[in-house]
Amino acid sequence: MSQGTVTDGIYARGLRFLGARWRVLVRLGGWSVLETGQTFLTGYAPARALDEGFLAGRPGVGLAWLGVAGIGVLVGAWGTVRVYAAVAALVEPLRDVLVGRVVERGVREADAGALSGLTQQVEIARDTFAGLVMVSRSFVFTAVGAVAGLASLDPLLLLVVVPPLVAGLGLFAATLGPLARRQEEFLVADEALAEGLGRVCPGLRDITAAGAEDRVAADTGRLVDTEQRAAYSLARWSVLRVVSLALGGQLPIVLLLACAPWLLARGVTTGALVGALAYVTQSLLPALRNLVHGLGTSGSRLVVVLRRLVREPAAEPGAEQSVVRTGSHGANPLPGRRPVAHDLAVAAGAPAESDARDDDLTEARPADRHAEPGHRLAPHAGARAADHECDSSPTEAATAHTPAREAPHDPGTSPTKADTPHSTAPHTTDRNSTRAAVLSLASVSFAYGPAATPVVDRLDLDLPPGAHLAVVGPSGIGKSTLTALIAGLLHPTGGRIRLCGLPVPSPDAAALRVLIPQEAYVHTGTLAENLGHLRPDPVPEPELLAAAEAVGLTPLLEALGGSRATVDPAALSAGERQLVALTRAYLSYAPLVLLDEATCHLDPQAEERAERAFASRPGTTLVVVAHRISSARRAGRVLLMDGPRTAYGTHEELVRDSRAYRELVGGWTAVVPKRSEPALSLGDPDRVDAVAGPGLSGDRGHVVAHGPVGQAQASRDLRDGGPLGREG
Ligand SMILES: Nc1ncnc2c1ncn2[C@@H]1O[C@H](COP(=O)(O)OP(=O)(O)OP(=O)(O)O)[C@@H](O)[C@H]1O
């Protein structure tokens, strides 16, 4: 059902509603006559007081007419009281009808959130309707009273007052439709922004933890821009409303004054002139002002609210795009909408907590919860198996993974793509792989602006389940950009990315990966809360301890006093924060783990331990932006990003075949005596680290560490210029 059809339906129902209450309307009209009867006296009594009283030398008569005007005010006040009662008799039934519909819908859909939100909308509709009745009724009766008064004083006065009044009303009527549309656009944009902020604010932790700030800021910025455009458009049309008010209410005053000599010359008395001015300034102008402001704003708001209240949920799915402000951020007044936490979790890369509540995951969750540490089911195992291609049952996951050291060539060893000086599109597919790729990039390009040089240019990449990829390259070449693309935080400008067969970016794909950026995020709270942040279910203590042990967090955990100890993020060193973030990612259910220099503050041993933990994590495909040669050597595959010299292969293959890679590892050609020597001649990691070049530096100042606390001390000492030596 289109929006226009719904609106037409509202008008038709509105007329039926009023038709059924014609007696109330007649009563309302009667009391309105009494209320606005004083309008007639507003001008007529002063005119007579002047002409027949004060100017005729009979002040008693003048005072008597003024007394009549005073009585008119009292009678009018009584009429106003009765008018309110009649308006209530009209408005309350509307409220009852709407409440009935809302309760019926709330019960039918068993949605308490929707019920409370819609009940609030009913109150808005009731108040707005009452205001509209008052304003429009008041204008009609005031205008009739004033025109009748002008005619009785002198018909010539009508010639001066009525034409601009009609012109102003005409202009106002012409702007009513467009204004209502703009008003509605503004309301919808305002509510969308409110809902967006309501969704973002409670999830700031998640957003920061997942490094999704830029994307969330961009999305929110779009909402702000939309509201700003709607506000400007509304403001432009509102100017016409002011013009119509000036035309219909203020121009008659000017004309009466300017035409005074002409009117007096044609027999209009001084009193009649004063009476005419009283009609315009005391009655017509205020009534017109109320009409213009009241009908222009409240009318469109009423239509918007009514449309939402009367629509059939299933009949108008498109209406779900229109959000309703409920006053409580996060409430979900519209049936059929996902709870707001869902989008947030997705934006943050968390395993979509609300998916579990919304979808069919409730069946799978107990299995997840009771899984043994080290044998965790991958996310959505079973429950979402049909949704994506990641077959991540524990058995498959275990066999899929091949730790790099034990089996340097992962399943599906790729052919080396050595330096490709004439191609910017290396094919990095594991052609020997017989299994479906977990991660697949097909001709992916990305540039930060329409005229900017692409940071990623037609890149192909297929990773089988359990693969461990190191991404290396000079600083600023695009490694973080690539991980952001894979994480779905950036949209490719060309090509396509799929994760477990799901398109990236997409909410479902976002639930299958976790990205740990360089700056690890730790929030105030217990260590357990920090570690379980990406888990939709409580993490059992044994699993938590096993994860801490695997990643290398145990010393910090013990130093803090266990998982229930409160963490002060500012008191942790950068390396300790990284260990917390890594353990958090380890505990998540994401089958794809992206570490973007997430271990840069760890010493080589701690880094190795953490990376091996992820490499051994069942069902895990690991992508590491490496900043040490040792990290690249551990990975089964290496992607060298270097613009036109981008290459892909094992570490050994790249060392053998890629000049750019050798340059990157720092003066490699000078170190390796013969090309035919096996790659193991690289020797121990420290030796290579010592000669590592930019982008693969193993020498970033974090050189002393025996666990996180020691590393923290070393980092501080280094910052303070302390005399720390290098230890193996
Ligand atoms: N938001 C952005 N807007 C415009 N350009 C950007 C933006 N982010 C990154 N860039 C540019 O894109 C290029 C790639 O940056 P990226 O951070 O991906 O490189 P990197 O290889 O991860 O670098 P590093 O190793 O120093 O972290 C750089 O030239 C950088 O200046």
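Visitor: What makes residues 156–176 a helical span?
Guide: Helices are DSSP runs of H or I, at least four residues long, and strands are runs of E, at least two long, numbered from the N terminus. Residues 156–176 are 100% helix and 0% strand, with end C-alpha atoms 31 Å apart. This is a predicted model: local features need pLDDT of at least 70 and side-chain atom pairs pLDDT 80 or more, while totals for chains, interfaces and linings use all residues. Residues are numbered from 1 along each chain as its sequence is written.

Visitor: Which residues are annotated "transmembrane region"?
Guide: The unreviewed UniProt entry lists 63–91, 129–150, 156–176 and 239–264. UniProt positions follow the numbering used here, feature names are shortened, and annotations may be inferred rather than shown by experiment. Residues 63–91 are also 100% helix and 0% strand, and their end C-alpha atoms lie 41 Å apart.

Visitor: How do you know that β4 pairs with β11?
Guide: Pairing requires that DSSP find at least two bridges between two strands. Four bridges join β4 (residues 468–472) to β11 (residues 621–625), so the two count as paired, and they run parallel. Within this pair, Ala-470 stands opposite Val-624 in β11.

Visitor: What is the order of the six strands in the open sheet?
Guide: The order is β7-β10-β11-β4-β12-β13, with mixed pairing.

Visitor: Why is one side of β7 and of β13 left without a neighbour in the sheet?
Guide: β7 (513–516) and β13 (647–649) stand at the edges, and each has a single partner strand, so one side of each has no neighbour in the sheet.
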